[in-house]
Amino acid sequence: MTREEVLAGLKEVLGIVRPNTDLSNVTDNTELVRELGMDSLSMVLVSLAVEEKFKMRFDSAAPAPTTVGQVIDAVSAAL
């Protein structure tokens, strides 16, 4: 799966969890908390939805991702 495909899937998930968030300018460097307004509950919901969408599990020992690019990297590593 390409990086662009993972980004598209992540945007789908973000659109469901954060429906009023403008995702048109989301890039690898977009910060989940500062730029997308994610709180701890949103982070958990996105994590669970991403795991379900991509049929993978995040490494619980790894630090939580803070940017969209880090989420993409974690998904890519798990696939």
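**Burial, helix and pocket**

Tutor: Start with one residue in this predicted model. Ser42 has a relative accessibility of 7%, so Ser42 counts as buried, the cut-off being under 20%.

Student: Where does Ser42 lie, and what does Ser42 touch?

Tutor: Ser42 is part of helix H2. Leaving aside residues up to four places away in sequence, Ser42 touches Val17 and Arg18.

Student: How do I read the length of a helix, taking H1 as the case?

Tutor: Compare the span with the value expected at 1.5 Å a residue. H1 covers residues 3-17, 15 residues in total, and runs 21 Å from its first C-alpha to its last, close to the expected 21 Å.

Student: Which residues of H1 are buried?

Tutor: Val6, Leu7, Gly9, Leu10, Val13 and Leu14 are buried. They span an arc of only 165° around the axis, which means that they sit on the same side of H1. On the other side of H1, Glu4 and Ile16 are exposed.

Student: What do the buried residues of H1 pack against?

Tutor: They pack against two helices, H2 (40-54) and H3 (68-78).

Student: What is the volume of the largest pocket, and which residues are closest to its centre?

Tutor: The volume of the largest pocket is about 380 Å³. Its lining has 23 residues, and Ser47, Phe58, Pro63, Ala64 and Pro65 are the closest to the centre. At least two residues of the lining come from each of H1, H2 and H3.

Student: How does the lining of the largest pocket divide by residue type?

Tutor: The lining of the largest pocket has 17 nonpolar, 3 polar and 3 charged residues.

How values were computed. Residues are numbered from 1 along each chain as its sequence is written. This is a predicted model: local features need pLDDT of at least 70, side-chain atom pairs count only at pLDDT 80 or more; totals for chains, interfaces and linings use all residues. Side-chain values use heavy atoms; hydrogens and water are left out. Helices (H or I, at least four residues) and strands (E, at least two) are DSSP runs, numbered from the N terminus. The expected span of a helix is 1.5 Å times one less than its number of residues. Buried means under 20% relative accessible area, exposed over 50%, partly exposed in between (1.4 Å probe, protein chains only). The arc is that of the directions from the helix axis to the C-beta atoms. Contact means heavy atoms within 4.5 Å. On a 1 Å grid over the protein atoms alone, a cavity is a set of points where a 1.4 Å probe fits but cannot get out, and a pocket is an open set with protein on both sides within 12 Å along at least five of seven lines; lining residues have an atom within 4 Å of a point. Grid points are joined across faces, edges and corners, and a volume is the space filled by probe spheres set on the points. Ala, Val, Leu, Ile, Met, Phe, Trp, Tyr, Cys and Pro count as nonpolar, Asp, Glu, Lys and Arg as charged, and the others, Gly among them, as polar.
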